[in-house]
Amino acid sequence: MPAKMTAAEKHQQRRLAWFRQARFGMFIHWGLYAQMGRHEWAMQNEHWPLHEYEKLAPTWHPKPGAAREWAKLAADSGCRYMVMTTKHHEGFCLFNSALTDYNAVQLGPKRDLVAEYVDACHEFGLRMGFYYSLMDWHHPDGMRCKRSEPARRRFVDYIHGQLRELLTNYGKVDVIWYDVSYPLDAAGWESEKMNQMVLELQPDIIINNRNQLPGDFGTPEEHIRAEERMWEACMTTNGSWGYAPIGQQWRTAGEAVDMLRTCAAGGGNLLLNLGPAPDGSLPAPGKRLFKQVGKWLTQNGAAVYEATDPVPPIQPFTGGCTAQGNTLYFHCRRWPGTKLVIGGIANKVKSVRFLGGAKVKFTQTPDQLFLRGLPEKAPDPLATVFAIELDGKPKGRGSHMTLPQPKTLR
Ligand code: GLC
């Protein structure tokens, strides 16, 4: 830590320590919208009037033990934390709130679904985050707060009050994950005060950046871009956050493994989403995806969890890199056959192995590394990882077009 850090910055670094090493989390979007199965914005997108949409509350009857199933899958898949929607934009609270009856204990499920989620995370040793939407389509002041000060006062008291409930009634919470701050600004939401309260109630918590303040970490959505500070990319597995059995455009486990590599290389985390069905069961393709990623991580975790050192610009068509210390991990996604060429490593290569396995024959010229005698078929169809031991921290050579070229190429 640089000596000049303020007490608040030091505190922030301490709070973030587990998160920096977590790498992989499971995001759960669950609410009344699951019954429609057409994206969590269905109420808005299809213009459902409130009195019609509200009819979804008494008809929601999830099976018992759903959260256990998610948490078990998350833990088995190598996730180290989960984040669940405690209230999405629709306004229905999955927790017991004294501030509204529009909640899962009063209506429909007649159970505290957040309490069940919390218990499940504890059982499987996962860190636990609460997603909470600031924007609220159900609260009568949720939109008019923008134009009327008395409405804003009531609404902001409601939102702060619910955050207080969430962070008081469920023991230790590791992440508060605000979402959509429309229609107010930071002053309107009283975001400074909000964050102060959150930290008073949960001194070790980390806070995201979606209440119009920077918070502790960035949240790129549906894309992965490294930030200077800690960040977490949230990604869907099928283009919808909420349950959407129609369309079925699932991302593959190979793509998820690619995402993990990109996140690790940029020092960030991947929060990968599943939208459970109304009864709480997980869609089969999503379950399969997580299981495959979990199996891959059992073998290749070392190339992802702690491999967050900067990587040189070595990015052939066949794959990409992560690094830790003097080890460069090459994640081969497109298997080229018996010989693999990696250009532009400036270090001397000392040894090459399949990660956790046998040695690999190699030769090296000043600008190219050739891995030889490889099997015809990819040992791991998701990504085969090579651990390449170097004589120092990985260094790249840059584009070979800038190097002296042999005469024949001129
Ligand atoms: C968005 C969407 C929302 C989803 C979230 C996840 O802001 O409004 O439906 O919950 O992103 O990042």
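Which residues of helix α8 (residues 191-201) are buried? They are S191, M194, N195, M197 and V198. Because these residues fall within an arc of 160 degrees seen down the axis of α8, they line one face of the helix. The face turned away from that buried side carries the exposed residues E192 and E200. The model described here is predicted.

## Salt bridges across the chain

The count of salt bridges comes to 25. One of them joins the side chains of K87 and D136, at 2.8 Å from N to O. This pair links distant parts of the chain. K87 sits in strand β2 (residues 81-87). D136 sits in the loop between β3 (127-133) and α6 (149-168). The two are 49 residues apart. Both K87 and D136 are buried.

R210 and D179 form another salt bridge, with their closest N and O atoms 2.9 Å apart. Here too, distant parts of the chain are linked. R210 belongs to the loop between β5 (206-207) and β6 (232-235). D179 belongs to strand β4 (residues 175-179). R210 has a relative accessible area of 14%, so it counts as buried, the cut-off being under 20%. D179 is buried as well, with a relative accessible area of 9%.

## A bridge within a helix, and a network

What is the relative accessible area of D258? The value is 23%, so D258 is partly exposed, between the cut-offs of 20% and 50%. R261, in contrast, is buried, with a relative accessible area of 8%.

Other charged side chains join in a group. E149, R152, R153, D157, E190 and K193 are linked in a network of salt bridges.

## Around the ligand

There are 13 residues around the ligand. Which of them come nearest? They are H29, E40, W41, H88 and H89. The shell divides into six nonpolar, three polar and four charged residues.

An N or O atom in the side chain of E40 lies 2.5 Å from a ligand oxygen. For the side chain of E221, the distance to an oxygen atom of the ligand is 2.9 Å. For the side chain of D179, the distance is 3.3 Å. The protein covers 92% of the 310 Å² of accessible area that the ligand has on its own.

## A buried asparagine in a loop

N347 lies in the loop between β10 (340-343) and β11 (349-354). A polar atom of the N347 side chain lies 2.7 Å from the backbone nitrogen of K395.

Terms used:
Residues numbered from 1 in each chain as written. Predicted model: local features only at pLDDT ≥ 70, side-chain atom pairs only at ≥ 80, totals over all residues. Heavy atoms only, no water. Salt bridge = Lys/Arg side-chain N within 4 Å of Asp/Glu carboxyl O. Helix = DSSP H or I, 4+ residues; strand = E, 2+ residues; numbered from the N terminus. Buried < 20%, exposed > 50% of the residue type's maximum accessible area, 1.4 Å probe, protein only. Near = heavy atom within 4 Å. Polar contact = N/O pair within 3.5 Å; in protein donor to acceptor, adjacent residues only side chain to side chain. Areas by Shrake-Rupley, 256 points an atom, 1.4 Å probe, with all protein chains shown as cover. Nonpolar A, V, L, I, M, F, W, Y, C, P; charged D, E, K, R; others polar. Arc of directions from axis to C-beta.
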